Amino acid sequence: MADSEDDQVNSTRTSQFSITLPTVLCTPEPPDDDGVLLKTNSFLSSESKLSLPSNLGTPTSPLRLSSPLSLPTSPSPFMKSSPQTEARRSSESPQLPTSNQQNAKLINTGSATGNPRNKCALQPGHSLMDWIRLGNSGKDLTGVGGRIRPVTPQELATHNSESDAWLAIRGRVYNITHYLPYHPGGPEELMKGAGIDATQLFDKVHPWVNFDSLLAKCVVGPLRFNIPDSDELFDTSSSSPKSDRLREPSKTQELVRKSMENLANCITPVRKKITSRSEENVKSSPPSKIMQSLIQSSDLPVSISRRAAASPTKSAEKVDVPPLRYDWIQTSTKLTISVYTGALANPGGCARITEGILLIEVATNGWLRTLKLLPEAELEEPLQLRVYAESGKIDVIAQKADAHLWKGCGEVTLGVATRVASPRTVECRVVTSDVVTHDSVMLTVSPRSGPVVVPLGHHIRVHMKVAGSECIRSYTPVGEGWFPHEDASALRLAVKKYPNGCLSPHLTALKVGETVTLSGPYGSFQLNKLKAVKKIYFLAAGTGITPMLGLLNFMLSRSNLRCERAHLIFFNKTVDDILFKENFEEICKEDNRFVVTHVLSDAKSSWTGHRGRINLDLLHQILGKDPLKCGDQCTHFACICGPMEFTQTGLQLLKKCSMKDECIHAFMG
Ligand code: HEM
């Protein structure tokens, strides 16, 4: 299926790399477009069955489900399904295809950053939308009646067949039997994790995948190790009853164990318990620091610390996430509701007015919390959403229909926190499409249902049906300040056009007023990693710059801890390919903490700057020998984003420079 440049890119690269998907992102980089050192990596050989994350938060991936025989059946916002399609869809039952069928359908797809992918076309009736539909159908996907209960490794190990498959990730056991035919990597890949703690496997392939949302309806319960003494928890030499197939806990788990134990040590037993009613009117009190930590760690294994797991209220499974705290302020024409999610919580969210009620939804760390306001008098759209990254405050600004001062804001209902069940899908209207370089446009889209906030360093996916195939590609929205536009709530996507690409020619051809569907947000970037960072390095190639923009703004505007230096090393092919060049020049002029170094792989002879692709000598030339070395107390951080080869090479180089893993974030694509 080499009908697009994306495919061509893939085929040229398949012999070298075999990757996965991006998480954040922008647009694909053509093979030579990014100043990347193309390097054969045995880990990523053509034989290898994909192992690397590719989606981490960066520009993205075209999820091309392009076989005409295996069209996904999710309804497209752009093409109405024919009655035949509808009829076929309704007659399709989500049964597990045989492995032969699956093999026949395997199609390599391309990623936005030009990575060959091992994604396979799904059987008809097995698209993401179909999976969401199945999840909402009321069918018991847990296989145990939906009753959460602890699972031992031994019990887990017995559920390892295609007709009965369980898997554990981050301390939680999921029944994946029904998900097998919906898994974009194919059931066989997913079966590699059956019966075991598949955390490492999962993280190797696609750490960005929001598994807990996707499998929210498949939770069997926490994974419990039957280890009598917490000292033995991770003693690999002990004859603990761990299954042979269970992996030893990772370093991360060990860290988590310690932090959970610390947490358990300092939790005070007296804590207001939120009732089990789904919603209640609450006079909210600020979440304590401990509660905040619990919220932050809510994805962490609950089974690894006996102390932490001893009390149900202390386990991640049972964490009571407090409702949102809120405040309000008014002028005669506007009402502002401020919701507080916690410092550096990096919230995502949306707001809308439905039947006179203002509904605010905020997601942090996989938890969704809501605030409903029945206003004292009528409110009108448009709404505005503003996020203050440092404090985690979100302001929702609404217009009053009649200009006067209110006595109160109205009746507020705070919803109890629920797990984010699945990515949101929003239909957006194209507001503008502006040419920004010879081959890129800035597409500004406005969500129809009201403003949407994507957390910093996270991305959305654009879904389009093109010639009967669903094309999906991820983009990191370009935040405020990088491109002039009146509508602060609109999302701006930097789209690079590939003449034979799957999605970009259609996306860049969209006219003002047309619609496009986005889903998300997706991503794994945690803003609190930057809490103590004083020096930040951004290594970006091509459209891999987009996740860096918001972070750069954030770092330079911090007042709690002043950033001392932000250095962007930006790899492109030619000067004309450099996105946001003038913006960077402006910032350099205004703020001497920011430095940008351009590196071009195909520069004209007149170019006096750095040339070539990413390599150690170049980094040393630009940064000096030692600045990246991590000391005992790390106060520096590096972000890297670009095509997979670039990111992988960059990661290796940063590690060679003695940077610790925890000081690096790769937005992989
Ligand atoms: C633990 C064993 C697993 C293995 C070995 C595995 C393997 C793979 C592979 C090889 C791909 C295709 C990679 C690509 O080219 O992008 C893939 C994609 C994917 N897998 Fe898995 N997978 C596993 C578990 C899971 C789980 C538990 C989920 C979530 C419920 C999941 C959800 C996905 C999704 C959503 C994609 C598409 C990725 C994207 O669009 O970014 N996988 N997987």
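Which residue in E12 stands opposite Glu380? Gln399 does. The sections below place that pair in its sheet.

## Basis of the model

This is a predicted model, in which local features need pLDDT of at least 70, side-chain atom pairs count only at pLDDT 80 or more, and totals for chains, interfaces and linings use all residues. Residues are numbered from 1 along each chain as its sequence is written.

Helices (H or I, at least four residues) and strands (E, at least two) are DSSP runs, numbered from the N terminus. Two strands pair if DSSP finds at least two bridges between them. A residue is buried if 20 or more other C-beta atoms lie within 10 Å of its own, exposed if 12 or fewer, and partly exposed in between; the C-beta atoms are placed from the backbone.

## Helix H4

Helix H4 covers residues 128-136. Its buried residues are Leu128, Asp130, Trp131 and Gly135. They span an arc of only 160° around the axis, so they fall on the same side of H4. The arc is that of the directions from the helix axis to the C-beta atoms. In general, an α-helix has 3.6 residues a turn, so residues three or four places apart point the same way.

Gly138 follows H4. Its phi is positive, near 95°.

## The sheet E1 to E4

An open sheet of 4 strands runs in the order E1-E2-E3-E4, with antiparallel pairing. Strand E1 (160-161) and strand E4 (219-222) stand at the edges, each with a single partner strand, so one side of each has no neighbour in the sheet.

Strand E3 (residues 172-175) pairs with E4 over 3 bridges, in the antiparallel sense. Tyr174 stands opposite Val219 in E4.

## Strands E8, E9 and E10

Strand E9 (residues 357-364) is mostly covered, with 6 of its 8 residues buried. Strand E8 (residues 348-354) runs antiparallel to E9, and 7 bridges join them. E9 is also joined to strand E10 (residues 367-375) by 7 bridges, again antiparallel. Ile360 of E9 faces Ala351. Ile360 also stands opposite Leu371 in E10.

Both links are hairpins. The hairpin of E8 and E9 has 2 residues between the strands, and Glu355 there takes a positive phi near 45°. Glu355 counts as exposed because it has 6 C-beta neighbours inside 10 Å. E9 and E10 also have 2 residues between them, and Asn365 in that turn has a positive phi of about 50°.

Leu344 lies in the loop between strand E7 (334-340) and E8. Its phi is near 55°, a positive value in a residue other than glycine. Leu344 counts as buried because it has 20 C-beta neighbours inside 10 Å.

## The sheet with E11 and E12

A further open sheet of 4 strands has the order E6-E7-E12-E11, and its pairing is antiparallel. Strand E6 (325-330) and strand E11 (379-388) are the edge strands, each pairing on one side only. The twist averages 20° from one strand to the next. Axes here are lines fitted to C-alpha atoms, for helices over the stretch in contact, and angles run from 0 to 180 degrees between N-to-C directions.

E11 and strand E12 (residues 393-400) run antiparallel and are joined by 7 bridges. This is where Glu380 stands opposite Gln399 in E12.

## Cis peptide bonds

Glu381 and Pro382 are joined by a cis peptide bond, with omega about 5°. Pro382 lies in strand E11. Gly520 and Pro521 are also joined by a cis peptide bond, with omega about -5°. Pro521 is in strand E21 (residues 515-522).
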